[in-house]
Amino acid sequence: MRVLITLDSNVYHEINGLVISVLNLRQALEARGHEVLILDLSSTRRPEEDGKVISMPSISIEKLYPKMRLRLPPIGRRQLDLVLNWKPDLVHSQNETSTFPSAKKIAKKLDIPLIQTHHTSWKDYMCYVNPSKKIGNWIVKMVLRNCISSHCTLAVAPS
């Protein structure tokens with residue numbers, strides 16, 4: 001099986017819980033004979049690729065949160081063609097933000113399952129973008145409902 005994993009960090013330039021989880025997942029899948037391609041965010045505004053990882057250009061939004069990057073708009077034409085030609089059997093998204101629209105687009109174009117792993121308790125981070133706890137909780141609820149309920153075949157929430 002070919003598995004595309006998407007995430008909003010860079011597996012070569014960041015060390016965090018998400019990157020470690022993704023690298024462990026890749027290692028476990030490959031040990032079982034599966035092929036894995038990672039689609040992540042470049043640590044610069046330039047795309048990068050090496051056959052195992054495709055990094056989309058991104059911009060820093062560290063003023064909002066340390067080491068955070070953002071990808072707008074979704075996947076570029078070249079990266080999209082590389083992924084589509086690779087022909088994954090499923091897409092496993094690790095974030096609901098920057099790379100999720102790309103994961104959704106790829107899964108829809110190829111008519112394959114989209115799995116979402118929910119790593120982040122977004123309610124704990126809303127204070128960085130919205131001082132109202134009530135409005136922040138409502139935003140999180142609506143975004144997650146739109147992401148997971150409307151587009152995903154399966155959702156995973158590790159504890």
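Let me begin with a convention: two strands are said to pair if DSSP finds at least two bridges between them, and the strands themselves (E, at least two residues), like the helices (H or I, at least four), are DSSP runs numbered from the N terminus. What I am showing is a predicted model, in which local features need pLDDT of at least 70 and side-chain atom pairs count only at pLDDT 80 or more, whereas totals for chains, interfaces and linings use all residues. Residues are numbered from 1 along each chain as its sequence is written, and side-chain values use heavy atoms, with hydrogens and water left out.

I will start with the sheet. Seven strands make up an open sheet of mixed pairing, and their order is S3-S4-S2-S1-S7-S8-S9. Strand S3 (48–49) and strand S9 (154–156) stand at the edges with a single partner strand each, so one side of each is left without a neighbour in the sheet. As a reminder, strands of a sheet pair through backbone hydrogen bonds, either parallel or antiparallel.

Let us look at strand S7, which covers residues 90–93 and runs parallel to strand S8, residues 114–117, with three bridges joining the two. Within that pairing, His92 stands opposite Ile115 of S8, and Val91 has Leu114 of S8 as its bridge partner. On the other pairing of interest, S1 and S7 also run parallel and are joined by four bridges, with Leu4 standing opposite Val91. In a regular strand the side chains alternate between the two faces of the sheet. In S7, Leu90 and His92 point one way while Val91 and Ser93 point the other way, and all are buried, where buried means under 20% relative accessible area, exposed means over 50%, and partly exposed is what lies in between, with a 1.4 Å probe and protein chains only.

With S3, in contrast, S4 pairs in the antiparallel sense over two bridges, Glu48 standing opposite Ser55. These two strands, S3 and S4, form a hairpin with three residues between them, and Gly51 in the turn has a positive phi of about 95°. Gly51 counts as exposed, at 63% relative accessibility, and its C-alpha atom is separated by 7.7 Å from that of Leu37, 14 residues apart along the chain.

Turning to the helices, helix H1 (residues 17–31) lies across strand S1 (2–6), strand S2 (35–41), strand S4 (53–56) and S7, and runs at about 165° to S2; the axes behind such angles are lines fitted to C-alpha atoms, for helices over the stretch in contact, and the angles run from 0 to 180 degrees between N-to-C directions.

How do H2 and H3 cross, and at what angle? The axes of helix H2 (residues 77–86) and helix H3 (residues 100–110) come within 11 Å and cross at roughly 45°. The two helices are therefore oblique to each other, given that angles under 35 degrees count as roughly parallel, over 145 as roughly antiparallel, 65 to 115 as roughly perpendicular and the rest as oblique. Leu80, Val83 and Leu84 of H2 make the contact with Lys105, Ile106, Lys109 and Leu110 of H3, contact meaning heavy atoms within 4.5 Å.

Finally, a few loop residues. Most residues other than glycine have a negative phi, and most peptide bonds are trans. Lys87, however, is not a glycine and has a positive phi of about 60°; this residue is in the loop between H2 and S7 and counts as exposed at 57% relative accessibility. Asp111, in the loop between H3 and S8, likewise has a positive phi, near 55°, and is exposed with a relative accessible area of 70%.

Asp89 is also found in the loop between H2 and S7, but is partly exposed, with a relative accessible area of 39%. The C-alpha atoms of Asp89 and Met1 are separated by 6.1 Å, although the two residues are 88 apart along the chain. Not counting residues up to four places away in sequence, Asp89 touches Met1, Arg2, Ile112 and Pro113.
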